[in-house]
Amino acid sequence: MDDRGGSFVAVRRISQGLERGGDYHTTSAEVVAGSAAWIGKGLSCVCAQRRESDARPSFDLTPVQEECLQKLQRRVDVPYDSSNPEHQEALQALWDVSFPEEELHGLISEQWKEMGWQGKDPSTDFRGGGFISLENLLFFARTYPKAFQDLLQKREGDRALWEYPFAVAGVNITFMLIQMLDLEAVKPRTMSGAVFCKLLSENEMAFDILYCITFKLMDQQWLSMHASYMDFNAVMKSTRRQLERELLLEDITRLEDMPSYSLLS
């Protein structure tokens, strides 16, 4: 994994990049273990191995699509910086919208564990997704508050005794989408990546919306598979396959047309 790699911890339910333009390819079969903290525990950051060659063709983009892709790539390139006031404000905002009735006692606090971060300092978990992973969580909380709270509080379905940690699972989802859509390549090299670029040119927030869809879809897969923490990688693989199928449906002209978008209602 690259230097943005992350990891996460299982949560027992109680009451609640690759070089852009390089010749590397990620498939769902190439998921490898993340940090040593998860070796032997069955749950790891979803991350990619590099391969020596890639014979796939690239897909040409219109000037508008290329501009939108480059703008998104600039967001992807921004690491989380705990000394950056903008990043600090976004992290505080995430807490405020997640737990509006509970005051946060500091950006480094044991309280963060309530949200599913692995320690008292969330910045250590953002390495796997960068600042955009925080933006994704904040967008989800503000745009689809009920769906966000349902996932955060694990309100739906017959939950496992050992649940996936909400916040760091979210960072893994950001990372998985970056890899699935091949966002670190100059041009998309998969059909699903090319379709996404078209959707992105129609809606600059397409990545954030797709993130929300993916999080709900992942949770649905988790429940349907009766998964526990050792099954997280299998759930992520299943989620990715379903997303790729839906993006290639003939009648998808916007993200709201994807069947899984209805999960956000």
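## Surface and overall fold

The accessible surface of the chain, computed by the Shrake-Rupley method with a 1.4 Å probe, comes to about 12,100 Å², and carbon and sulfur atoms account for 50% of that area. This is a predicted model, in which local features need pLDDT of at least 70 and side-chain atom pairs count only at pLDDT 80 or more, whereas totals for chains, interfaces and linings use all residues. Residues are numbered from 1 along each chain as its sequence is written, and side-chain values use heavy atoms, with hydrogens and water left out.

Of the 265 residues of the chain, 52% count as buried, a term that stands for under 20% relative accessible area with a 1.4 Å probe and protein chains only. The chain has eight helices and two strands, taken as DSSP runs (helices H or I of at least four residues, strands E of at least two) and numbered from the N terminus; along the sequence they follow the pattern β-α-α-α-α-β-α-α-α-α.

Helix α3 has 13 residues and reaches 18 Å from its first C-alpha to its last, close to the 18 Å expected at 1.5 Å a residue, where the expected span is 1.5 Å times one less than the number of residues. Because 10 of these 13 residues are buried, α3 is largely enclosed by the rest of the structure; the cover over its buried residues includes α1, α2, α4, α5 and α7.

Phe-140 is one of the buried residues of α3. Leaving aside neighbours within four places in sequence, Phe-140 is in contact (heavy atoms within 4.5 Å) with residues including Phe-148, Leu-151, Tyr-211, Phe-215 and Leu-264.

## His-87 in helix α2

His-87 has its place in helix α2 (residues 85–98) and is buried, with a relative accessible area of 4%. A polar atom of the His-87 side chain lies 2.9 Å from the backbone nitrogen of Asp-81. Beyond neighbours within four places in sequence, His-87 is in contact with Val-78, Pro-79, Tyr-80, Asp-81, Phe-131 and Leu-134, and both Phe-131 and Leu-134 are among the buried residues of α3.

How values were computed: Buried means under 20% relative accessible area, exposed over 50%, partly exposed in between (1.4 Å probe, protein chains only). A polar contact is a pair of N or O atoms within 3.5 Å; within protein, one must be able to donate a hydrogen and the other to accept it, and residues adjacent in sequence count only if both atoms are side-chain atoms.
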